[in-house]
Number of protein chains: 2
Amino acid sequence: MSAPTVQTLEIVAGGITTPRGFRAAGIHAGIKAKAGALDLALIVSDRPATAAAVFTTNRAVAAPVVVSRDHLARSGGIARAVVVNSGCANACTGDAGFKDAVEMATATAALVGCPADQVLVASTGVIGVALKMDHLLAGLPNAMAALGADNGPLAAQAIMTTDPFPKEAAARVTIGGHDITVGGMAKGSGMIEPMMATMLGFVTTDAAVAPALLQRALREVVDDTFNAITVDGECSTNDSVMILANGASGVTVDERHYAAFVDALRVVCLRLALGIVRGGEGATKLVTVTVTGAATAAEGRKAAKAIANSPLVKTAIHGGDPNWGRLIAVAGRAGVEFNLSRARVTIGPIVLFNDGRPHDEAAPEAANYLKNDDISVGVDLGVGSAASTVWTCDLSAEYVRINAEYRT
Amino acid sequence: MSAPTVQTLEIVAGGITTPRGFRAAGIHAGIKAKAGALDLALIVSDRPATAAAVFTTNRAVAAPVVVSRDHLARSGGIARAVVVNSGCANACTGDAGFKDAVEMATATAALVGCPADQVLVASTGVIGVALKMDHLLAGLPNAMAALGADNGPLAAQAIMTTDPFPKEAAARVTIGGHDITVGGMAKGSGMIEPMMATMLGFVTTDAAVAPALLQRALREVVDDTFNAITVDGECSTNDSVMILANGASGVTVDERHYAAFVDALRVVCLRLALGIVRGGEGATKLVTVTVTGAATAAEGRKAAKAIANSPLVKTAIHGGDPNWGRLIAVAGRAGVEFNLSRARVTIGPIVLFNDGRPHDEAAPEAANYLKNDDISVGVDLGVGSAASTVWTCDLSAEYVRINAEYRT
């Protein structure tokens, strides 16, 4: 992370309702079968906000992603509300699913009192099953009635599927004597009951930010946060990160304050992203993978992702085995420039391979280090000077159990 | 697999010593710690043979791969012997490891009575540990003394590491009234004690085949067999497939008999490759993944590999869950052209998704089908007419245990 450009960047307790002018709700609408389980979240800004989003690159894109992308284009990057359900991904549901996603936005817009294209929608849960629209439509007025400026935590719960805990974060930054706040929530745990996982992130801010600048900031930050984590290398049909900027702070972020705003946004998104990894299915360790000495930043990222997704590396870390040979072998097969005779492997601060020679005598020290819950591994590719960091979790038998035993 | 071009292609019991003019040995030299464990294999042709090989694409390439590649180039594609040890990969061992691999070949050549560059070498086992050269050099004369025309099975055992069973195959084909035989052995099980896995394959034939044609045949067949399997998406520092053709049958394979020879070679390599998948670490099922409707064969292969390496797909199959949504989602993220509204997903003969619509009502039938040990899944990308098939195994908690618990 780059150094903050202002001294007053402050991480605060909170989430999506911490910025001024946002209310939220999280209720049980009956989309999840379990009685009382929260499954419908609503975020409403008290005034039109600018909006931006980053969506899944999966070509089997789900209906709510199609609708939200369309609404952002039609509204010119303006939104009043975001409505999210868990328990059903509304993916692979054909034309009927598309109509359901449109109706979800339209019904919300009628309640909020805004054009339909100023509502963004997201869904997470089962693929290939129709949304229970009767439950959803009956739940929306209840969600409206339940809106509150302290209800960020309930909304964060309502978007969870197999997540072991909710993910919220907030940060405050002072710009020219005034402060702006950025808050967010996310869900995602690896794979989701019973089908594909989804990563969803929602961020609010009371800064005023023009749509194009907001999109640029979100894209820049997502690349280093949500796009730099991996639980199992899978990419869902529904992945979405959305941001609303309502200007309620009275502070306008333009090119001059851009860096400070991005710092706050980055802090919030990174905390949410790391929360997703910590809560990864079966995860027992948070693993920071840093690749240095790459020919380009893209090659560094490619190698770091290959390491972070390697079942060999992830099982070794799970078992506390300082198996540096696996790190080298994955770097060697990652499809990037790699120079074995100049490569270096570290586990935490311990060098295990350097200049073409193993230092296996350090293995016991590295094994001891691997007992920690938060660990780091580093590979220098021995080629150039570019670097990349990604975060992942270990691979446990519990992961297999969670993903193998549904329906059986 | 293409249809055989001759009626007389016959799969026979046997391995590397089934073709005429080849002897082999498998002995305990003491490279593996376990008393009596076979760890040194030797294959010797009774006359100079043409030779070809396909090696790992890993950039952290092991010393024996460097030496074998160099010997093939120096000898002009001629070899008399192949010497293989298990228990130590001689990888990431620097200059000393390179000297050891050269000495392994030189010492073998002295015993066989041929130039050093007519000996190919291979190693599999621990990365980053030096070969026990005293044990290896003391073992070589014993291996020479033990050479026999019926000892293919012992050699197949001597190259095993965590493999649950040896892999051997042979086929006979008649060309112009004369028969030629192709035999082979392989090892590879996923990951290897205690570091990276290695896949090794050795094929012999008593056909006479010019080096360039032999290399062409091997490359063609390896792409559809050894390169079409995956246990966990990892590629080792030592992966090698080598073939020796000694002409002892008196039959010369030229362009005219090429197709018949390739058919026999393909049968042998496919059986060996499927043996590796069946013996994959923790594997309980052999999974055939067929992708159709791809824009190009390369895109079909890319999508099939993505599916075959998906932890979501592999855990679902392990659990007997007909989770077609995971197959779609992986196809969608595979980085290939994909048309959701024309895509189709099948599990065995059962259609679960077609023309943009789920057929979840067939899920119980598919769940029943998934109880079989050999299963197939199919995804039509809905774009073009190209296809690709790859083979993999399921992902079990036992895989995690095997790879997590070394050293702990």
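Me: Which residue is the bridge partner of Thr290(A) in β17(A)?

Reply: Keep in mind that this is a predicted model. In it, Thr290(A) is paired with Gly378(A) of β17(A).

Me: In which sense does strand β14 (residues 344–347) of chain A run against β17(A), parallel or antiparallel?

Reply: Antiparallel, with four bridges between β14(A) and β17(A). Ile347(A) has Val377(A) as its bridge partner in β17(A).

Me: How do I read the overall form of chain A?

Reply: Begin with the elements, then the dimensions. Chain A contains 11 helices and 18 strands. Its C-alpha trace spans about 70 × 60 × 30 Å along the principal axes. A compact globule of 408 residues would have a radius of gyration near 22 Å, and chain A has 22 Å, so the two agree.

Me: What share of the residues in chain A is buried?

Reply: Buried residues are 63% of the 408 in chain A. Contacts tell you about the fold as well: of those in chain A with a separation of 6 or more, 80% are between residues 24 or more positions apart.

Me: Which strands pair with β6(B), and in what sense?

Reply: Strand β1 (residues 10–12) of chain B is joined to β6(B) by three bridges and runs antiparallel to it. Here Val12(B) stands opposite Ala170(B). Strand β7 (residues 178–187) of chain B also pairs with β6(B) in the antiparallel sense, over nine bridges, and Lys167(B) stands opposite Ala186(B) in β7(B).

Me: What lies between β6(B) and β7(B)?

Reply: A turn of two residues, as these strands form a hairpin. Gly176(B), in that turn, has a positive phi of about 60°.

Me: How do I read the place where the chains meet?

Reply: The size of an interface is often given as the accessible area lost when the parts come together. Here we can count residues instead: 54 of chain B are in contact with 53 of chain A. On the chain B side, the elements giving two or more residues are α8 (311–318), α9 (324–333), β16 (357–358) and α11 (397–404). Of these, α9(B) gives the most, with eight residues. By class, that side has 25 nonpolar, 18 polar and 11 charged residues.

Me: How are the two chains related?

Reply: A rotation of 180° with 0.0 Å of shift along its axis superposes chain B on chain A, with an RMSD of 0.0 Å. That is the relation of a two-fold axis. Ala397(B) has the C-alpha nearest the axis in chain B, at 2.2 Å. Both copies use the same surface, since 98% of the contact residues of chain B recur in chain A.

Me: How far should I trust the model?

Reply: Where pLDDT is low, the predicted coordinates should not be read in detail. Chain A averages a pLDDT of 90, and 94% of the residues score at least 70. Among its elements, strand β10 (residues 229–230) has the lowest mean pLDDT, 80, and helix α3 (residues 133–145) the highest, 98. Over residues 1–6 of chain A the pLDDT is below 50, as it is over residues 191–196 of chain A. The model as a whole scores ipTM 0.76 and pTM 0.81.

Definitions and conventions
Residues are numbered from 1 along each chain as its sequence is written. Chains are lettered from A and ligands numbered from 1 in the order in which they are written. This is a predicted model: local features need pLDDT of at least 70, side-chain atom pairs count only at pLDDT 80 or more; totals for chains, interfaces and linings use all residues. Two residues are in contact if their C-beta atoms, placed from the backbone, lie within 7 Å. Ala, Val, Leu, Ile, Met, Phe, Trp, Tyr, Cys and Pro count as nonpolar, Asp, Glu, Lys and Arg as charged, and the others, Gly among them, as polar. Two strands pair if DSSP finds at least two bridges between them. The radius of gyration is taken over C-alpha atoms; the globule rule is 2.2 Å times the number of residues to the power 0.38. A residue is buried if 20 or more other C-beta atoms lie within 10 Å of its own, exposed if 12 or fewer, and partly exposed in between; C-beta atoms are placed from the backbone. Copies are superposed by least squares on the C-alpha atoms of residues with pLDDT of at least 70 in both. pLDDT is the predictor's confidence in each residue, from 0 to 100.
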